[in-house]
Amino acid sequence: MYSVVDQYIKPFTLQAGRMSWALLRHPEGLDCDIFITHCWAEGAYEFIGKVLSSWCIGKRAAWCCIFANPQNLDISGLISDPRSSPFALALQSATHMMVVPTRNTSIYSRIWCAYEAF
């Protein structure tokens with residue numbers, strides 16, 4: 001997913017004012033039904049395939065960091081306190097959580113994935 005963010009999401013959202021992909025697509029926002037955690041090491045097709053095959057029937061919107069966080073900005077201030085970070089707020093509002101594993105590495109090797117699981 002690193003390549004998708006660097007080659008598509010960042011250039012596209014930079015031209016739109018450095019907002020997140022999610023805000024660009026839905027300026028009014030959406031309620032978070034599903035929180036998606038992943039490790040960024042998966043390819044786009046692997047990620048999309050796993051998300052679609054695991055999607056909960058009747059759910060409309062998901063929160064995923066690559067789309068929900070503004071990738072062109074330094075978000076260190078937003079995550080300095082994990083309990084009030086965008087990740088934590090989305091986790092609190094989601095009714096479901098989806099863990100997207102990858103064949104490349106364990107998602108729990110990334111500190112945020114371990115935090116989200118906690």
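At 42% relative accessibility, R18 counts as partly exposed, and this arginine also has a backbone angle worth a look: a positive phi of about 70°, although it is not a glycine. Please keep in mind that the model is predicted.

- Most residues other than glycine have a negative phi.
- R18 sits in the loop that links α1 (2-15) and α2 (21-25).
- W40 has a phi near 75°, again a positive value in a residue other than glycine.
- You will find W40 in the loop between β1 (34-37) and α3 (44-54).
- Is W40 buried or exposed? W40 counts as buried because its relative accessibility is 12%, and the cut-off for buried is under 20%.

**The largest nonpolar core**

- In soluble globular proteins, nonpolar side chains tend to be buried together.
- Here, the largest nonpolar core holds 20 residues, and I36, F47, W63 and I66 are those with the most contacts inside it.
- Two or more residues of this core come from each of α1, β1, α3, β2 (62-64), α4 (65-68) and α5 (86-93).
- Which element gives the most to this core? That is β1, with three residues.

**A closer look at F47**

- F47 is one of the core residues with the most contacts inside the core.
- If you set aside its neighbours within four places in sequence, F47 is in contact with M1, I36, H38, E42, C64, F67 and V100.
- One of these partners, I36, is also listed among the residues with the most contacts inside the core.

Methods: Residues are numbered from 1 along each chain as its sequence is written. This is a predicted model: local features need pLDDT of at least 70, side-chain atom pairs count only at pLDDT 80 or more; totals for chains, interfaces and linings use all residues. Side-chain values use heavy atoms; hydrogens and water are left out. Helices (H or I, at least four residues) and strands (E, at least two) are DSSP runs, numbered from the N terminus. Buried means under 20% relative accessible area, exposed over 50%, partly exposed in between (1.4 Å probe, protein chains only). A nonpolar core is a set of buried Ala, Val, Leu, Ile, Met, Phe, Trp, Tyr and Cys residues joined through side-chain atoms within 4.5 Å. Contact means heavy atoms within 4.5 Å.
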